[in-house]
Amino acid sequence: MSRQVVRVHFIDKSCKAFSIDQNTTAAALRDLVVDRIGLKEDACFALFEKKDDWERCLEPEEKPADLQLQWEKEKAERKKSDTEPMFLFKKKIFLKDDDREMEDTVAKDLIYKQALHSVNSSEYPVTIPDAIKLAGLQCQVVYGDHNNAVHNSAFLVPNIHDFVPKTLIGHKKPQEWAQTILDGHESLIGKSAEDAKMEYLNTVKTWGYYGSTFFPPCKSVGNRNLHSKVLIGVNYEGIRLLKPKTKQVISEYFFTEILSWASSSGTFAFEVGTQNSAEKFTFETKQGSIIAATIQTYIDILVQMLRNGDDDDDDDDTSETVTTISEP
């Protein structure tokens with residue numbers, strides 16, 4: 001059987017090439033990636049198909065070779081401004097307890113780079129003080145200890161967009177950003193790159209939306225208390241509805257409150273409340289099935305954690321989640 005080369009990309013824009021055949025599944029390709037990069041704690045990582053701003057997690061039995069053939073057929077329909085479709089390997093599931101991942105240097109590096117991308121692309125809303133702190137830690141990872149003879153504003157300005165969230169870059173002049181960041185960098189002398197990564201991650205993990213999967217803005221249908229368009233975010237706690245431009249939280253619903261969810265080719269809906277008094281939210285979106293699948297993944301993991309006895313916190317409401325949620 002003839003073989004072909006497939007390239008798998010990573011968040012930091014690096015990529016690795018793999019040899020596959022027509023029958024190689026997405027699960028098998030994912031395992032090849034895990035082995036190649038030496039990732040031990042791989043349970044929460046997945047392979048995605050990425051087309052411009054659209055991403056979806058591949059099903060285990062899908063055939064990457066078939067997808068590449070489909071991309072080739074679609075090539076004539078793509079605009080010149082569209083980026084080429086790709087396979088992307090990244091963390092899919094973010095759980096509260098990730099101690100084992102943090103002990104795996106490969107996993108920690110991948111998670112750090114994903115957090116870095118989410119911050120600097122403004123996927124996560126960031127305050128200016130946090131942006132300065134995080135950029136200083138990023139400098140420590142990239143450049144090591146501060147050296148006054150080298151690390152001045154003129155040194156950092158050409159690459160300032162790599163260190164400052166894109167929605168904040170206009171709040172200061174490039175020289176001001178650079179000097180403020182380097183002042184923070186100087187205070188980190190003696191901190192190892194691994195410790196700087198850990199401090200960076202510990203900072204972003206305090207944010208309520210850390211680890212959320214955000215889906216493109218969608219139209220709210222018949223939801224009187226919502227804006228006409230909202231952003232849907234899903235993480236290990238539940239669903240958040242946010243304002244598209246600022247990502248300000250409009251409302252949030254923990255899995256313990258969600259009764260059911262459903263999707264079609266053009267909609268996503270969920271119900272919250274009790275069996276006797278429920279409120280339904282409906283949205284027009286082409287990503288309904290992906291949203292539903294993301295929710296189901298978290299629920300499956302929470303159920304498995306309970307079965308394995310991993311969750312020993314008596315105050316945790318996970319057990320209530322398992323008994324109250326039903327999928328239509």
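At the start of helix H5, a side-chain oxygen of Thr127 reaches to within 3.3 Å of the backbone nitrogen of Asp130, where helices (H or I, at least four residues) and strands (E, at least two) are DSSP runs numbered from the N terminus. The model is predicted, so that local features need pLDDT of at least 70 and side-chain atom pairs count only at pLDDT 80 or more, while totals for chains, interfaces and linings use all residues. Residues are numbered from 1 along each chain as its sequence is written, and side-chain values use heavy atoms, with hydrogens and water left out.

Helix H5 comprises 16 residues, 128–143, and spans 22 Å from its first C-alpha to its last, close to the 22 Å expected at 1.5 Å a residue, the expected span being 1.5 Å times one less than the number of residues. Among the residues of H5 that are buried are Ala131, Ile132, Leu134, Ala135 and Gly136, together with Leu137, Gln138, Cys139 and Gln140; buried denotes under 20% relative accessible area, exposed over 50%, and partly exposed in between (1.4 Å probe, protein chains only). The cover over these buried residues includes helices H4 (105–120), H6 (153–156), H7 (174–186) and H8 (193–204), contact being defined as heavy atoms within 4.5 Å. Just after H5, Gly144 adopts a positive phi of about 75°.

Helix H4 also contains Asp109, which is buried, with a relative accessible area of 19%. The side chains of Asp109 and Lys197 are joined by a polar contact of 2.7 Å (a pair of N or O atoms within 3.5 Å; within protein, one must be able to donate a hydrogen and the other to accept it, and residues adjacent in sequence count only if both atoms are side-chain atoms).

One cavity of 30 Å³ or more is present in the structure, a cavity being a set of points, on a 1 Å grid over the protein atoms alone, where a 1.4 Å probe fits but cannot get out. The largest cavity holds about 50 Å³ of space, and its lining, formed by residues with an atom within 4 Å of a point, consists of Phe10, Ile11, Asp12, Phe89, Lys90, Lys91, Leu110, Lys113 and Gln114. Strand E5 (86–91) and H4 are the elements that give two or more residues to this lining.

Helix H9, with 21 residues (288–308), reaches 30 Å from its first C-alpha to its last, close to the 30 Å expected.

Terms used: On a 1 Å grid over the protein atoms alone, a cavity is a set of points where a 1.4 Å probe fits but cannot get out, and a pocket is an open set with protein on both sides within 12 Å along at least five of seven lines; lining residues have an atom within 4 Å of a point. Grid points are joined across faces, edges and corners, and a volume is the space filled by probe spheres set on the points.
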